[in-house]
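The entries follow in the order in which I checked things.

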Amino acid sequence: MTHFAVEVVGGKVKKPGKRGRKPAKIDLKAKLERSRQSARECRARKKLRYQYLEELVSSRERAICGLREELEMYKQWCMAMDQGKIPSEIKALLTGEEQNKSQQNSGRHTKAVKIEANNSW
């Protein structure tokens, strides 16, 4: 028969042995599988995140290339105008604007005629 030493502290009797909560009986295989599954999901999220970032970078790079080409075109136009030449593209833009203005003005004129015709009743 084994005798345990009983200790009295502050009027309370303490028994020797394990203290605190008993650890829950966790199935180690299930815990390991949950950990592996979590790691798989983490890797999948990481892969998607990098894929998204790569697509974002490539779209921005394409936009930058387009802007560089446009800038180079404007530089060429400016150099041509400095030499006293008007590039055909600028002429086309100017004539296109003039045509749009004349069409807008004629459209306004026809609207005014229609309004006057309606008011003559």
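**Cysteines.** Cys42 comes out at 40% relative accessibility, so I noted Cys42 as partly exposed. Cys65, with a relative accessible area of 42%, is partly exposed too. I then looked for disulfides, taking one as a pair of cysteine sulfur atoms within 2.5 Å. The count comes to zero.

**Ground rules.** I reminded myself that this is a predicted model, where local features need pLDDT of at least 70, side-chain atom pairs count only at pLDDT 80 or more, and totals for chains, interfaces and linings use all residues. Residues are numbered from 1 along each chain as its sequence is written, and side-chain values use heavy atoms, with hydrogens and water left out.

**Confidence.** Here pLDDT is the predictor's confidence in each residue, from 0 to 100. I found a mean pLDDT of 81 for the chain, with 66% of its residues reaching 70 or more.

**Elements.** I took helices (H or I, at least four residues) and strands (E, at least two) as DSSP runs, numbered from the N terminus. The chain holds two helices and two strands, in the order β-β-α-α from the N terminus on.

**Helix H1.** How far apart are the end C-alpha atoms of H1? I got 80 Å, which agrees with the 81 Å that its 55 residues should span at 1.5 Å a residue; the expected span is 1.5 Å times one less than the number of residues. Just after H1, I saw that Gly84 takes a positive phi of about 90°.

**Aromatic pair.** My rule pairs rings of Phe, Tyr and Trp (its six-membered ring) if their centres lie within 6.5 Å; planes under 30 degrees apart count as stacked, over 60 as edge-to-face and the rest as tilted. I counted one aromatic pair. Trp77 is buried at 12%, whereas Tyr74 is partly exposed at 36%.

**Salt bridge.** I required a side-chain nitrogen of Lys or Arg within 4 Å of a carboxyl oxygen of Asp or Glu, and the count was one. Glu33 bridges to Arg40, with the closest N and O atoms 2.9 Å apart. Glu33 is partly exposed at 37%, and Arg40 is partly exposed at 36%.

**Whole chain.** Lastly, I noted that 3% of the 121 residues count as buried.

Definitions and conventions:
Buried < 20%, exposed > 50% of the residue type's maximum accessible area, 1.4 Å probe, protein only.
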